[in-house]
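Here is a short report on one protein chain. Look at the overall layout, then follow the text from sheet to core to rings.

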Amino acid sequence: MIFLKRVFRGPLVPYFIRWNLMIDREIVKKLVIEKLDERMFLVDISVNERNVINVFVDSYDGLTIDQCVSISRHIEYNLNRDEDDFELQVSSPGLDEKFKVNEQYIKYTGREINVRTVAGVEIQGVMLQANHEGVTIETSSREVVEGEKKKQLHIKQHHLKYEEIKSAKAVISFK
């Protein structure tokens, strides 16, 4: 785009404004996937209007700093800083973040998670199984049973499809 600007009471002089376009999220996604091994998975990518790129990657074995650096360098090497000014951050999602992809459920199999269903029910228990269709969560509680003086341990399994889950995240315990 060309604008005219008056310079010190003199004639109008043309000058150019370059509109900074957002970096395409799909290009970044392609670059990230190129660097993932079979135990790693992409959780999320965001690019804002100021070209701040946030990449969240995880692994079934845990993500190392070296793996994050490798992904970051690969992205930086393949994006042209002369054309696009950007800020890049590559990390794993935090422990207190909600799950965004099915692979996170699979990673947390055998661990305690907290799930809120679309119906508003909150379930906290050990995830017994997770696949690409849904999850099975086992809860245990002490309940009064008629004819007994002490509360009895009641174990229940909840089978949920991903469409039924509004949010889920890992339960952090320091036992």
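From the N terminus on, the elements run β-β-α-β-β-α-β-α-β-β-β-β-β. That order holds 3 helices and 10 strands. Helices (H or I, at least four residues) and strands (E, at least two) are DSSP runs, numbered from the N terminus. The model is predicted: local features need pLDDT of at least 70, side-chain atom pairs count only at pLDDT 80 or more, and totals for chains, interfaces and linings use all residues. Residues are numbered from 1 along each chain as its sequence is written, and side-chain values use heavy atoms, with hydrogens and water left out.

**The chain as a whole**

The chain has 175 residues, and buried ones make up 32% of them. Buried means under 20% relative accessible area, exposed means over 50%, and partly exposed lies in between (1.4 Å probe, protein chains only). The chain exposes about 12500 Å², and carbon and sulfur atoms supply 50% of that area. Accessible areas come from the Shrake-Rupley method with a 1.4 Å probe; for residues, only the protein chains shown count as cover. Take the contacts with a separation of 6 or more: residues 24 or more positions apart account for 48% of them. A contact means heavy atoms within 4.5 Å.

Two strands pair if DSSP finds at least two bridges between them. β4 (residues 52-59) and β5 pair in the parallel sense, over 5 bridges. Here Ile53 stands opposite Leu88 in β5.

Axes are lines fitted to C-alpha atoms, for helices over the stretch in contact, and angles run from 0 to 180 degrees between N-to-C directions.

**The cores**

Which residues have the most contacts inside the largest nonpolar core? They are Val28, Val32, Ile53, Val55, Val57, Ile71 and Ile75, in a core of 19 residues. A nonpolar core is a set of buried Ala, Val, Leu, Ile, Met, Phe, Trp, Tyr and Cys residues joined through side-chain atoms within 4.5 Å. α1, β3, β4, α2 and β5 each supply at least two residues of this core. β3 gives the most, with 4 residues. Val28 touches Ile23, Ile45, Ile53, Val55 and Ile75, not counting residues up to four places away in sequence. Apart from this core lies another, of 15 residues, among them Phe99, Ile113, Val115 and Tyr162.

**The sheet of 5 strands**

A second open sheet has 5 strands in the order β9-β8-β7-β6-β10, and its pairing is antiparallel. β9 (152-161) and β10 stand at the edges with a single partner strand each, so one side of each is left without a neighbour in the sheet. The twist here averages 40° from one strand to the next. The table lists strand pairs of this sheet.

| Strand pair | Bridges | Residues facing each other |
|---|---|---|
| β6 (residues 112-117) and β7 (residues 122-130) | 5 bridges | Arg116 and Glu122 |
| β6 and β10 (residues 165-170) | 5 bridges | Arg116 and Ser167 |
| β7 and β8 (residues 134-143) | 4 bridges | Gln129 and Thr136 |

β6 and β7 form a hairpin with 4 residues between them. In the turn, Gly120 has a positive phi of about 95°.

**The rings**

How many aromatic pairs does a search of the whole structure find? There are 4. Rings of Phe, Tyr and Trp (its six-membered ring) pair if their centres lie within 6.5 Å; planes under 30 degrees apart count as stacked, over 60 as edge-to-face and the rest as tilted. The rings of Phe41 and Tyr60 have centres 5.1 Å apart and planes at 45°, so this pair is tilted. The pair links distant parts of the chain, 19 residues apart: Phe41 lies in strand β3, and Tyr60 in the loop between β4 and α2. Phe41 counts as buried, at 5% relative accessibility. Tyr60 is partly exposed, with a relative accessible area of 25%. Elsewhere, ring pairs link Phe99, Tyr105, Tyr108 and Tyr162 into a cluster.
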